[in-house]
Amino acid sequence: MTFPDLSDAFRLQRLQPPLGKARMVLDTDTYNEIDDQFALVYALLSPQELAVEAIYAAPFHNSRSDSPADGMLKSYEEILRLLDFLHIAADGFVFRGADRYLGAGRAPVESAAVRDLIDKALASPDDDPLYVVAIGAITNVASALLLAPEIIGKIVVVWLGGHALHWRHSREFNLAQDVPAAQVLLDSGVPLVIVPCLGVSSHLLTSLPELRASIGGRSAVGDYLCQIFAEYRPEGFAASSVIWDISTIAWLINADWLPSELRHSPVLTDQVTWSIDRSRHLVRVASFVQRDPVFRDMFSKIRALGD
């Protein structure tokens, strides 16, 4: 696959944090854990900073699903549940994604989500890119890139994937599910912001007592987020859980909360480790996250539902 060759100047401009309201779509394996639900709600409750144009269900396979297809469908259903809490219509807004991974053959997986992403990307003005926020396996996004390579000049991908570039391996759930799709993303030259898991998003810890005190008892969606957290991480002494995925939303809202730097796009080996080639194109990589302002902003927006 040959992708368009973007100029360094163009890519560097696209890798700057957005000015004004960012147009975005969210690609999410929403039922995989509990953090995607927080990220989805956070994005939808930030209309001053973000214009969410679509939500795509991504595949996943773990103890909460029977197969990638089942994971995608369960994520789709979870998205609908959350939209119902927020009184947002799902028609023409939520789309089913891939029912399998790209895999070693790197054959794109057709889906309603992929077609909508391509259509929205191609319709984007040249001076107003579509931010593709991906917080699951990158299968849907890689499929869109393979089917319509020209969209790399129309989008910026913000991906929660892999670990920090100095980590000894990158076998984190999102990336490891579909390594060939991640390789397509990293090799394509698409403007890309990487938010690593261990070393960056891993700072976004919270606990059930904090959630109950901050967002419980004020709205249906706040109570639901507390409920799924309690089911996933029962209350106990010094018990906490990472809400990984809100990091991507936070970067779009205020990039100062996630300090980052330009790095050469890492080479993802078949052994799921990072390798560095300084002749490759540049990407932006987050190096830290300021935990408190991110949670303060998200909690305040959820609390406002009860006002």
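A residue counts as buried when its relative accessible area is under 20%, and as exposed when that area is over 50%; partly exposed residues fall in between. In this predicted model, R23 has a relative accessible area of 14%, so R23 is buried. D128 reaches 28% and is therefore partly exposed.

The side chains of these two residues, D128 and R23, form a salt bridge, with an N to O distance of 4.0 Å.

The whole structure holds 14 salt bridges. One of them pairs R81 with E78 at 2.7 Å, N to O. Both residues lie in helix α3 (residues 68–86), three residues apart, or about one turn of the helix. E78 is buried at 1% relative accessible area. R81 is partly exposed at 34%. D99 and R100 also meet in a salt bridge, again through their side chains, at 2.7 Å, N to O. Salt bridges with shared partners join R23, E53 and D128 into one network.

Pockets were also examined. The largest pocket has a volume of about 230 Å³. Its lining comprises 16 residues, with N32, E33, E172, F173 and W244 nearest the centre. Helices α2 (35–44) and α6 (173–177) and strand β8 (241–242) each contribute at least two lining residues. By class, six are nonpolar, five polar and five charged.

The second largest pocket has a volume of about 200 Å³. Its lining includes D128, along with R14, K21 and Y131. Six nonpolar, two polar and four charged residues make up this lining.

Notes:
Residues numbered from 1 in each chain as written. Predicted model: local features only at pLDDT ≥ 70, side-chain atom pairs only at ≥ 80, totals over all residues. Heavy atoms only, no water. 1 Å grid on protein atoms, 1.4 Å probe; cavity = no way out; pocket = protein on both sides within 12 Å on 5 of 7 lines; lining within 4 Å. Points joined across faces, edges and corners; volume = space filled by probe spheres on them. Helix = DSSP H or I, 4+ residues; strand = E, 2+ residues; numbered from the N terminus. Nonpolar A, V, L, I, M, F, W, Y, C, P; charged D, E, K, R; others polar. Buried < 20%, exposed > 50% of the residue type's maximum accessible area, 1.4 Å probe, protein only.
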